[in-house]
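Biologist: I have not seen this structure before. Could you take me through it by question and answer?

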Amino acid sequence: MRAHDGWIVRVRPRCASMTALQWRVLASLALTYAHPQIELTRLGNVQLRGVSEETLALLRSHLIAAELVPEDEDADLAPAVHCTPFYNANDPTHELAQSLCAAAMALLSPRAMQSMGLPALPGKFGLLVDDDQRNLHHISADLRLWQLADGGYGLALGDCGGHYQFSTAEQVVEASVQVARWFARERMAIAGKVPTRLKDLLVSQPLNAPCLKEEMLHLTTSGAMSLVPPGKTEQGWVLGVPMGRIDAAAMQKLASELPEGTEIRITPWRSLLVVGSNALALIDPLEAEHWITSSTDARLRVSACTGSPRCTQALVPAQDMALQCASHVSDGQHLHISGCGKLCALSSDATSVMFASTHTSGAVLLNVCSASQLDQPAMPIPYQSWSVAPTELQQHLHDLPV
Ligand code: SF4
């Protein structure tokens with residue numbers, strides 16, 4: 001994808017995992033060919049920004065050599081398979097994710113769909129393998145698969161309430177492929193706006209597929225976590241990344257201190273899971289600026305869109321402002337700052353939102369509102385007062401109904 005400051009190059013780590021060696025390569029490529037940062041997305045992808053047209057092909061060849069992207073561009077265009085970071089090597093969740101990735105590339109890529117006389121799936125169509133606690137329940141997915149407590153497998157369609165049950169991983173993967181093909185075929189028959197997500201098609205086109213038996217309505221997320229904070233987990237250490245932007249030099253240093261094959265997985269909470277290692281012991285106190293090692297770190301309480309200078313529509317440097325604001329956000333609250341009223345990448349954790357707008361006079365204004373009442377911002381204050389009157393902003397934040 002092209003942005004005004006160059007190409008954005010995306011890497012979709014298979015099963016949410018990259019080795020320390022691959023991270024070293026990626027960090028080195030960021031330092032050589034892109035902005036010196038690696039961005040984590042909320043879907044568990046990583047991306048480099050600011051790549052020039054001239055170096056794009058060379059960068060891609062390095063990514064292919066490091067097995068970070070498939071050589072076959074058609075396979076890279078297959079639907080994304082997002083995966084929980086919480087699995088053990090070769091356990092049923094890992095095997096399910098591997099099977100689904102392989103099926104998506106072989107059976108749902110644009111070329112595979114074309115060979116069946118079907119149109120390609122839209123870019124937004126996504127599959128997800130969750131863990132048995134369903135910790136990724138907050139992430140939108142067209143097809144969601146996971147292992148059930150009884151050893152079977154669940155399949156939920158388009159974030160609707162129920163799910164279908166299968167005995168084996170092969171069956172649930174096969175059913176997912178059938179539903180994806182049905183979606184690709186049926187959506188094109190819709191008059192007017194063509195749906196890009198399964199849930200939108202299911203509103204008007206009930207799915208009656210032989211591979212789906214009786215729908216189970218009971219779907220619980222009672223054991224799921226909405227945010228996995230930095231710290232120790234069963235699989236290793238979760239290491240937070242301020243604003244989801246990894247400093248490439250800090251990543252290179254961290255990855256160089258780990259054995260090459262150590263897995264560093266990507267979580268959907270702007271953090272990394274260093275499998276089987278005490279990441280904390282590897283972080284020098286001087287590097288705390290780049291990593292979040294404590295669940296009480298105030299930077300976990302803020303998020304922001306890209307903002308200026310990298311987004312042409314941005315009126316303010318949203319990410320820098322969020323970091324400045326972090327210590328003023330109360331525990332249990334989450335402030336999202338947006339460089340304009342579009343509210344891209346609005347975090348589902350957000351309890352309050354600050355977005356920039358332009359007054360008829362041309363002055364930039366900051367609007368603060370509760371995340372549940374986005375259409376009712378408090379009295380806007382001039383952006384100019386950001387540095388001179390932060391107390392006024394803090395008061396706005398404290399006064400918001402959440
Ligand atoms: S919300 Fe506005 S400023 Fe932020 S990334 Fe989107 S378009 Fe750019």
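Biologist: In which loop is cysteine 15 found, and does cysteine 15 count as buried or exposed?

Modeller: In this predicted model, cysteine 15 sits in the loop between β2 and β3. A residue is called buried when 20 or more other C-beta atoms lie within 10 Å of its own. Cysteine 15 has 24 C-beta neighbours inside 10 Å, and therefore counts as buried.

Biologist: What is the phi of cysteine 15?

Modeller: Most residues other than glycine have a negative phi. Cysteine 15 is a residue other than glycine, yet its phi is positive, near 55 degrees.

Biologist: In what order do the strands of the antiparallel open sheet stand, and which strands are at its edges?

Modeller: The open sheet has five strands, paired in the antiparallel sense, in the order β1-β2-β5-β4-β13. Two of them have a single partner strand each, so one side of each is left without a neighbour in the sheet, and these edge strands are β1 (2-3) and β13 (245-247).

Biologist: Which residue is the bridge partner of valine 9 in β5?

Modeller: Strand β2, residues 6-11, is joined to strand β5, residues 46-51, by four bridges, and the two pair in the antiparallel sense. Within β5, the bridge partner of valine 9 is leucine 48.

Biologist: Which are the edge strands of the open sheet with mixed pairing?

Modeller: That open sheet is formed by five strands in the order β16-β17-β18-β19-β20, and its pairing is mixed. The strands that pair on one side only are β16 (302-304) and β20 (381-382).

Biologist: How many bridges join β18 to β19?

Modeller: Strand β18 covers residues 352-358 and strand β19 covers residues 364-370, and the two run antiparallel. One of the bridges pairs serine 352 with serine 370 in β19. The number of bridges joining β18 to β19 is seven.

Biologist: Which strands pair with β14, and what stands opposite arginine 265?

Modeller: Strand β15 (residues 271-275) is joined to β14 by three bridges and runs antiparallel to it, with leucine 272 as the bridge partner of isoleucine 266. Strand β3 (residues 17-19) also pairs with β14 in the antiparallel sense, over three bridges. Opposite arginine 265 of β14 stands serine 17.

Biologist: Which residue takes a positive phi in the hairpin of β14 and β15?

Modeller: The side chains of β14 point two ways, with Glu263 and Arg265 on one side and Ile264 and Ile266 on the other, and all are buried. Between the strands of the hairpin there are four residues, and the one that takes a positive phi, near 55 degrees, is arginine 270.

Biologist: Which residues does phenylalanine 86 touch?

Modeller: Phenylalanine 86 has its place in the loop between β6 (80-83) and α4 (92-107). Since 22 other C-beta atoms lie within 10 Å, phenylalanine 86 is buried. Leaving out residues up to four places away in sequence, it touches Asp131, Asn135 and Gln235.

Biologist: What covers the buried residues of α4?

Modeller: Helix α4 has 16 residues and reaches 22 Å from first C-alpha to last, close to the 22 Å expected. Its buried residues include Leu96, Leu100 and Met105. The elements that cover the buried residues of α4 include α3 (73-76), β6, β7 (126-129), β8 (143-147), β9 (153-157) and α6 (169-187).

Biologist: How many charged residues does the shell around the ligand have?

Modeller: The residues around the ligand include Cys305, Cys311, Cys340, Lys342 and Cys344. By class, the shell has six nonpolar and five polar residues, and the number of charged residues is one.

Methods. Residues numbered from 1 in each chain as written. Predicted model: local features only at pLDDT ≥ 70, side-chain atom pairs only at ≥ 80, totals over all residues. Pairing = 2+ DSSP bridges. Buried ≥ 20, exposed ≤ 12 C-beta atoms within 10 Å, placed from the backbone. Contact = placed C-beta atoms within 7 Å. Near = placed C-beta within 6 Å. Nonpolar A, V, L, I, M, F, W, Y, C, P; charged D, E, K, R; others polar. Expected span 1.5 Å × (residues − 1).
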